[in-house]
Amino acid sequence: MAEVKLLGLWYSPFCHRVEWALKIKGVKFEFIEQNLQNKSPLLLESNPIQKKIPVLIHNGKPICESMVIVEYIDETFEGPSILPKDPYDRAVARFWVKFIDDKGSAVGRSFFHKSYEAKGELSEMLKILDNELKDKKFFVGDKFGFADIAANFLGLWMGVLEEATGVNNLVTREKYPNFCAWRDEYNDCSDNKKYLPPRDELLAYFKARFQAAAVPPYSS
């Protein structure tokens, strides 16, 4: 029987990428909540270079970086495939995962640092994604998959951050109709809902976090 542990934070989209993959595969695992202000010896031992979550520990062996972990899970455990079977589709999925991860920091900087520069980067990213998602239900192929899991912070967390901060003019249906249609499907699909964390709990957490931080107005 495989021993699987996941070191993470319940509110982290990067940890939920890994949780989602484990649940798709039907893998039982132990979730070990971390405190980034007081990092556990297990986290520091398991990821000594980055000292970050998430970390998957499979039979005592640690794997780091959320989408690297998702690929590992897909290759290691039986169950529905997460990456496409077709080599070209796999390459396209990996391209969009890299694009989302390279550009995705603009989301956090737009809301947590109130940066006008990040707001512009976010707008450019959404324009590209909106164009890619035209006449498409998913990023690659005809089912929810690898790239869609990577985009979870765009599908759920970004909307939570909008509501928590009261900044509701960054992502509108008028500006990004295809992206918003994809996001609606992301949150409303019954198959997805069972893998997503409760939105009301995320909202309460981030509202409290922003109030405690007393985030200042936008600055460059």
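Visitor: In what order do the four strands of the open sheet stand?
Guide: Welcome! This is a predicted model, so local features need pLDDT of at least 70 and side-chain atom pairs pLDDT 80 or more, while totals for chains, interfaces and linings use all residues. Residues are numbered from 1 along each chain as its sequence is written, and side-chain values use heavy atoms, without hydrogens and water. Strands are DSSP runs of E with at least two residues, helices are runs of H or I with at least four, both numbered from the N terminus, and two strands pair if DSSP finds at least two bridges between them. The pairing in this open sheet is mixed, and the four strands follow the order E2-E1-E3-E4.

Visitor: Which strands stand at the edges, and why is one side of each left without a neighbour?
Guide: An edge strand here has a single partner strand, so one of its sides has no neighbour in the sheet. The strands in that position are E2 (30-33) and E4 (61-64).

Visitor: Which residue in E2 is the bridge partner of leucine 6?
Guide: Strand E1 covers residues 4-8 and pairs with E2 in the parallel sense over four bridges. In E2, leucine 6 has as its bridge partner phenylalanine 31.

Visitor: What angle does the direction of H1 make with that of E1?
Guide: H1 packs on the sheet and touches E1, E2 and strand E3 (55-58), where contact means heavy atoms within 4.5 Å. Axes are lines fitted to C-alpha atoms, for helices over the stretch in contact, and angles between N-to-C directions run from 0 to 180 degrees. For H1 and E1 the angle is about 160°.

Visitor: How much space lies in the largest pocket?
Guide: On a 1 Å grid over the protein atoms alone, a pocket is an open set of points where a 1.4 Å probe fits, with protein on both sides within 12 Å along at least five of seven lines; lining residues have an atom within 4 Å of a point. Points are joined across faces, edges and corners, and the volume is the space filled by probe spheres set on them. For the largest pocket that gives about 1000 Å³.

Visitor: Which helix gives the most to the lining of the largest pocket?
Guide: The largest pocket is lined by 38 residues, with Ser12 and Lys52 among the closest to its centre. Helices that give two or more residues include H1 (13-25), H4 (87-103) and H5 (105-112). With five residues, the one that gives the most is H5.

Visitor: Which residues are closest to the centre of the second largest pocket?
Guide: About 280 Å³ of space lies in this pocket. Of its 15 lining residues, the closest to the centre are Ile24, Phe144, Asp191, Asn192 and Tyr195.
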